[in-house]
Amino acid sequence: MTSLGAAHGSVMMDARGVGMVFNAGAPNEVRTLRNISFELRKGEILALVGPSGCGKSTLFNIIAGLLTPSEGEVRVQGVRVEGATGHVGYMLQKDLLLPWRSVLDNVVLGLEVRGVDATQSKATALKLIESYGLKGFEHAKPATLSGGMRQRVAFMRTLAFDPEVILLDEPFSALDFQTRLLLQGEVLRIIRDRGKSVILVTHDIGEAITMADRIIVMTHRPASIRSEHVIALSDAERDPVQIRKNALYNEYFGTIWSELEVKRD
């Protein structure tokens with residue numbers, strides 16, 4: 001497993017001067033993003049945190065190609081993003097598993113859409129299912145699974161087509177606290193083992209510190225980048241429970257919390 005503090009490789013994704021305006025020129029015009037620029041390097045996990053409603057999910061959708069920015073551009077592996085072309089894998093808050101499909105059939109879904117041979121798809125899916133703790137549940141329906149198991153299936157579905165860049169949008173927010181901590185550690189290990197480059201959007205500062213190499217803090221809307229923090233913790237220090245006893249963890253947490261400008265009702 002690569003150390004979180006290790007130097008990372010080539011640029012996998014870069015945002016250049018990204019801005020987003022909805023209903024431009026209309027009385028109800030809303031600017032959500034302003035001059036967002038950053039890079040994601042190979043093997044790196046980058047977390048985006050910010051106040052609720054600041055535009056994190058809008059930026060996520062622009063990187064995924066689901067929205068076209070009003071200003072600037074996003075490039076993935078040097079290619080400008082123009083639509084949802086399968087250039088990244090992504091995992092959302094909800095697992096979005098198809099209830100009539102088994103675990104195996106849900107994992108192969110993305111491969112089916114891409115026209116991958118059925119025999120190859122099944123072999124890939126079965127290997128993932130065995131590797132990540134769901135052997136024996138291949139033919140189970142989503143309704144019979146716990147929330148944590150369903151999220152594992154959703155993550156395996158994302159991994160199945162082997163994307164180099166993965167977007168995680170609040171992937172654990174719907175889970176209970178214990179399951180959330182467990183999956184933070186599991187997903188971090190899987191990402192490291194596979195050498196993926198990841199952007200994690202989260203409201204959870206502790207989750208960001210536990211999983212990310214760098215954390216970008218965004219301002220209130222229209223969001224810009226307020227600060228960036230390099231998280232100088234090794235993999236050995238990243239246990240989601242034990243990390244909370246680490247003085248550096250608490251220092252990062254306090255600093256980032258103070259920068260979020262959380263408004264009290």
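Visitor: How many nonpolar, polar and charged residues are in the lining of the largest pocket?
Guide: This is a predicted model. In it, the lining of the largest pocket has eleven nonpolar, six polar and four charged residues.

Visitor: Which residues lie nearest the centre of that pocket?
Guide: Tyr90, Gly110, Arg114, Arg157 and Phe161 lie nearest the centre, out of 21 lining residues. The space in this largest pocket comes to about 440 Å³.

Visitor: Turning to cavities, how many of 30 Å³ or more does the structure hold?
Guide: The structure holds one, and about 50 Å³ of space lies in this largest cavity.

Visitor: What lines the largest cavity?
Guide: Its lining consists of Tyr132, Arg152, Phe155, Met156, Leu183, Glu186, Val187 and Ile190. Two or more of these residues come from H5, and two or more from helix H6 (177-194). The largest share, four residues, belongs to H6.

Visitor: How does that lining divide by class?
Guide: Six of the lining residues are nonpolar and two are charged, with no polar residues.

Visitor: Why does the largest cavity lie between the domains?
Guide: The largest cavity lies between domain 1 (11-87 + 163-259) and domain 2 (98-162) because both give residues to its lining.

Methods: Residues are numbered from 1 along each chain as its sequence is written. This is a predicted model: local features need pLDDT of at least 70, side-chain atom pairs count only at pLDDT 80 or more; totals for chains, interfaces and linings use all residues. Side-chain values use heavy atoms; hydrogens and water are left out. On a 1 Å grid over the protein atoms alone, a cavity is a set of points where a 1.4 Å probe fits but cannot get out, and a pocket is an open set with protein on both sides within 12 Å along at least five of seven lines; lining residues have an atom within 4 Å of a point. Grid points are joined across faces, edges and corners, and a volume is the space filled by probe spheres set on the points. Ala, Val, Leu, Ile, Met, Phe, Trp, Tyr, Cys and Pro count as nonpolar, Asp, Glu, Lys and Arg as charged, and the others, Gly among them, as polar. Domain bounds come from an automatic or database domain assignment.
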